[in-house]
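Dear colleague,

I am passing this structure on to you, and below it you will find an account of what turned up when I went through it. Please look at the model first and then read the notes beside it.

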Amino acid sequence: MMGEGLFQITLNHGYILQILAAEMLFVWGLKRRQGFVLRFLLGVTVYGGASIVLTNLIARYVVGFYSLTIFLLSLLLWKFCCRERFRDILFCCVGAQLTQNLAHNVENLIYRPFAQYFNMVGWCCLSVTVTVIVYAICYRLFARRLRGCDGFALEDRYVYIISIAAAIFTYAMQAIQQNYGIDALWITRPPLIFCCIAGLCVQFGLLTLKSEQEGRQLLERIIQQEQRQYEITRSSMDLINMKAHDLKHQITLMKATGRCDGAELEEIESAIAQYASSSNTGCKPLDAILTEKQLLCRTCGIEAAVMAQGESLAFLQPADIASLFGNLLDNAIEYERTVEPVSRRCISLNVAEKNGFVCIRVENYCPTRPEMYNGLPVTSKADKTRHGFGLRSVQYITEKYGGTMHIGTEGDLFLVSLLIPVPRASGG
């Protein structure tokens with residue numbers, strides 16, 4: 001012990017550092033207030049001093065509020081340092097509290113049966129080792145999901161309520177065992193360990209589920225926007241093709257009458273041909289998308305090869321066709337525009353029906369293997385909250401029709417292949 005009275009420091013005050021370290025795993029990725037470093041240093045100083053004084057003061061009158069007092073003070077610390085809603089900070093700190101509690105109980109699960117073999121140094125080494133391992137596992141499985149997030153965009157109050165209830169239940173279980181003096185028994189640790197793991201799984205499982213639901217809703221809105229864009233594109237392409245067709249006849253007439261220089265007319269005719277050449281795959285939505293994207297490829301110096309049995313896509317909704325192929329080709333074109341030299345820029349699209357499945361395969365030149373996360377390439381754009389939905393949209397539509405998507409590389413090619421089952425016609 002050091003000091004006396006309110007400033008007395010015991011081994012139990014090690015919880016101050018343990019919970020702070022755990023909270024840093026979960027909170028560190030949140031938006032920070034201006035002057036964060038200075039705020040953090042000042043806040044930690046006040047937090048440490050207040051935690052020692054208040055816990056010693058409260059312990060004179062009542063037991064069982066030691067950990068809770070320090071936890072509440074840590075909430076104020078992170079609210080002082082972070083520019084987030086209080087409930088988002090609370091969500092993170094609850095995860096940290098469960099993590100610290102899990103490490104503490106795992107440590108005691110190992111220590112209690114062999115307490116007679118440990119001296120003070122051995123016990124400290126065991127505590128540090130278990131804490132580091134448990135914290136590292138919890139960071140990888142849970143806290144890492146919060147890194148780099150721009151807030152949680154989470155409005156479902158039940159996620160917060162359930163996560164806080166899990167933490168309170170775990171805390172209450174441990175407090176009751178301490179009050180009745182049975183926390184020294186080895187057998188009390190497995191249930192507490194289970195409560196901590198269950199609490200973390202429930203908390204972050206609900207967060208993941210809610211995020212996936214919001215992601216699907218966003219994808220559906222994007223697909224609806226793409227459908228409206230497809231209608232505009234189709235109308236524009238039809239108008240351009242009609243005008244180009246009329247101009248071709250006028251150029252033919254001008255050549256016949258000799259009213260203009262032949263070389264100039266051939267140059268104009270060549271330019272018009274780029275706009276007049278429309279795809280004819282047997283699927284009008286696909287034709288509209290291909291006409292637009294092939295024109296973009298010519299503008300960017302990208303060689304595009306297309307082999308498509310458009311009639312095999314008849315069972316897909318036009319909006320889904322537009323979104324599917326628009327995103328596939330946009331993803332490839334976006335990368336190819338960065339390729340140097342221009343002569344290496346190439347994209348190929350193949351659509352065919354085989355053995356009751358529509359097989360869609362898009363390849364583009366890609367000498368560098370892209371960074372992948374959860375089976376999808378990580379967007380290279382700075383604003384990751386507004387980009388990276390292209391292939392997610394493709395995956396969503398593919399799975400909507402019971403299909404599968406595979407992304408990979410073959411040599412210097414990046415490929416996306418889709419396999420979508422063709423519905424069988426119901427018998428009469």
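**What the model contains**

The protein has 11 helices and seven strands, where helices (H or I, at least four residues) and strands (E, at least two) are DSSP runs numbered from the N terminus. Please bear in mind that this is a predicted model, in which local features need pLDDT of at least 70 and side-chain atom pairs count only at pLDDT 80 or more, while totals for chains, interfaces and linings use all residues. Residues are numbered from 1 along each chain as its sequence is written, and side-chain values use heavy atoms, with hydrogens and water left out.

Of the 428 residues, 38% count as buried (under 20% relative accessible area, with exposed over 50% and partly exposed in between, for a 1.4 Å probe and protein chains only). Among contacts (heavy atoms within 4.5 Å) between residues at least 6 apart in sequence, 72% join residues at least 24 apart.

On a 1 Å grid over the protein atoms alone, a pocket is an open set of points with protein on both sides within 12 Å along at least five of seven lines, a cavity is a set where a 1.4 Å probe fits but cannot get out, and lining residues have an atom within 4 Å of a point. Of the 41 residues that line this pocket, Leu 11, Asn 12, Tyr 15, Tyr 66 and His 104 are the closest to its centre. Helices H1 (14-27), H2 (36-59), H3 (66-81), H4 (86-111), H5 (120-141) and H6 (157-179) each give two or more residues to the lining, and the largest share, seven residues, comes from H4.

Helix H4 also holds Gln 100, which counts as buried because its relative accessibility is 4%. Leaving aside neighbours within four places in sequence, Gln 100 is in contact with Tyr 15, Gln 18, Ile 19, Ala 22 and Tyr 135.

In H2, the buried residues include Phe 36, Phe 40, Gly 43 and Tyr 47, and the buried residues of this helix pack against H1 and H3.

Helix H9 (residues 284-299) has 16 residues and reaches 23 Å from its first C-alpha to its last, close to the 22 Å expected at 1.5 Å a residue (the expected span being 1.5 Å times one less than the number of residues). Just after H9, Gly 301 takes a positive phi of about 70°.

The structure holds two cavities of 30 Å³ or more, a volume being the space filled by probe spheres set on grid points that are joined across faces, edges and corners. The largest cavity has a volume of about 60 Å³, and H9 gives the most to its lining, with four residues; strands S1 (303-308) and S2 (346-354) each supply at least two. Among the residues that line the largest cavity are Leu 290, Lys 293, Gln 294 and Cys 297, and these four are also among the buried residues of H9.

The second largest cavity has a volume of about 30 Å³. Helix H10 (318-336) provides the largest share of its lining, three residues, while strands S3 (357-365) and S7 (413-421) each supply at least two. Leu 328, Asn 331 and Phe 414 are among the residues lining the second largest cavity.

With kind regards
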